[in-house]
Amino acid sequence: MDLTAADHRIPLSDGNTIPVLGLGTYTEPWLTSEGTCKASVKIAIDTGYRHIDGAYVYENEHEVGEAIREKMAEGKVKREDIFYCGKLWATNHEPERVRPCLEKTLNALQVDYVDLYIIEIPMAFKPGDEVYPRDENGRWLYHKTDLCATWEVECHPYFTQPKLRKFCQQHDIVIVAYSPLGTSRNPAWVNTASPPLLKNELLNSLGKKYNKTAAQVALRFNIQRGVVVIPKSSNPDRIKENFQIFDFSLTEEEMKNIEALNNNIRLVEMLLWCDHPEYPFHEEY
């Protein structure tokens, strides 16, 4: 697979293409200053990113849209150059709520279409406009729905998803890997007992060999095997650093050594919703 900074799209089964590296825009709205996401997206586009991953529930899609439109006005990109992925939140899984939720994303972005629209998490909350519904006692209000498909999965060197990846390859499905760098250490939804991915000895030794960071090696590992990655960052230096993975490649032996790190550790366990009747909702294939 010949991937370059200028051309790193891979084909989808419907004839379209998706950039193999994207910018994740997840933030905790109550901890993030207005304008942070917009600045990050503008830096990313200037760096060469053409894939932006977002969601209405992040409460920053208006900033993403502003950044894209400003870069379009500058002549840096055209709308068709940008691949935007939006997400359906857990209170909108009922069929009649899907289109209105998508329209909220389009209105926030101020664009005519999104390139991909996926289910945020494969579990449902009580339908309605309240994002995190609870009862009068503070308990989560869950809802049972029939999910036909969930297209996004966690994937990194500690959780390489070999069976799922094989299934997807057989059915011409491209995997989009969230948390490709091992995610944050928020105990509310992350398994903090797992070792930090970026401190792994092998990843760091390979980083020294190629004059790269452990993060760049982890990202290169996934894109080299055809998995799309969407690392999240609002740090300008990290955004640029994460994009610098097209000027080296790992050997077959190195790829196998990284694959051997797999110990089926899932970092994103969503423990705050562990009492959901459909938990654990991540099936191992």
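This is a predicted model: local features need pLDDT of at least 70, side-chain atom pairs count only at pLDDT 80 or more; totals for chains, interfaces and linings use all residues.
Strands here are DSSP runs of at least two residues, helices are runs of at least four, and both are numbered from the N terminus; two strands pair if DSSP finds at least two bridges between them. Aspartate 53 stands opposite cysteine 85 in E5. From E4 the chain passes through H2 to E5, a right-handed β-α-β crossover. Right-handed means that, with the strands pointing away from the viewer, the path from the first strand over the helix to the second runs clockwise.

E5 also runs parallel to strand E6 (residues 116-119), with four bridges joining them. Here cysteine 85 stands opposite leucine 116. With helix H3 (residues 95-109) between them, E5 and E6 make a right-handed β-α-β unit.

## Burial of E5

Buried means under 20% relative accessible area, with a 1.4 Å probe and protein chains only. Phe83, Cys85 and Lys87 lie on one side, and Tyr84, Gly86 and Leu88 on the other.

## Tyrosine 58

An unreviewed UniProt entry annotates Tyr58 as "active site"; such annotations may be inferred rather than shown by experiment. Beyond its neighbours within four places in sequence, its contacts (heavy atoms within 4.5 Å) include Asp53 and Lys87.

## Basis

Residues are numbered from 1 along each chain as its sequence is written. Local features need pLDDT of at least 70, side-chain atom pairs count only at pLDDT 80 or more, totals for chains, interfaces and linings use all residues, and side-chain values use heavy atoms, leaving out hydrogens and water.

Terms used: Buried means under 20% relative accessible area, exposed over 50%, partly exposed in between (1.4 Å probe, protein chains only).
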